[in-house]
Amino acid sequence: QVQVVESGGGLVQAGGSLRLSCAASGRTFSTSVMGWFRQAPGKEREFVAGISSSGGSTVYADSVKGRFTISRDNAKNTVYLQMNNLKPEDTAVYYCAVKTLAGSYSLITLYDYWGQGTQVTVSS
């Protein structure tokens, strides 16, 4: 049984930075791919970034490449999303999730355990 809790969201001006944290309970954390997704008002939840169990491989949505960095610290059961050069279009609730099925990192249906979300608002 996995519990996932995001934190670190807030209000920032365009061009600013935020670092989101995702704390996940469970002994299987270190063996799981983790992902960040976001959902803006009126839009579908979309993939942002994913990271392999060891942290050695990462995948990013085109919209955030070069600006966001996903990382993890398995000793702390925590995954991070460093967001730089934020844009108003990054405004959304950001969710952390545990990937439980094999397949593409970007497929939302492959993730089973989700956090409650943390709000990121980028003002122009």
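Is Trp114 buried, partly exposed or exposed? Trp114 has a relative accessible area of 26% and is therefore partly exposed (buried is under 20%, exposed over 50%, partly exposed in between, with a 1.4 Å probe and protein chains only). This is a predicted model, in which local features need pLDDT of at least 70 and side-chain atom pairs count only at pLDDT 80 or more, while totals for chains, interfaces and linings use all residues. Residues are numbered from 1 along each chain as its sequence is written, and side-chain values use heavy atoms, without hydrogens and water.

**Aromatic residues**
- The structure has five aromatic pairs (ring centres of Phe, Tyr and Trp, the last by its six-membered ring, within 6.5 Å; planes under 30 degrees apart are stacked, over 60 edge-to-face, the rest tilted).
- Phe37 and Phe47 are edge-to-face because their planes stand at 75 degrees, with centres 5.6 Å apart.
- Phe37 is buried at 0% relative accessible area, and Phe47 is buried at 11%.
- Tyr111 and Trp114 form a tilted pair, 6.3 Å centre to centre with 55 degrees between the planes.
- Phe37, Phe47, Tyr95, Tyr111 and Trp114 make up one aromatic cluster.

**Charges over rings**
- Arg45 lies over the face of Trp114, 5.0 Å from the ring centre (NZ of Lys or CZ of Arg within 6 Å of the centre and within 35 degrees of the ring normal).
- Arg72 lies over the face of Phe29, at 4.5 Å from the ring centre.

**Disulfide**
- Cys22 and Cys96 form a disulfide with sulfur atoms 2.0 Å apart (cut-off: cysteine sulfur atoms within 2.5 Å).
- The S-S torsion of Cys22 and Cys96 is about -80 degrees, so the disulfide is left-handed.
- Both Cys22 and Cys96 are buried.
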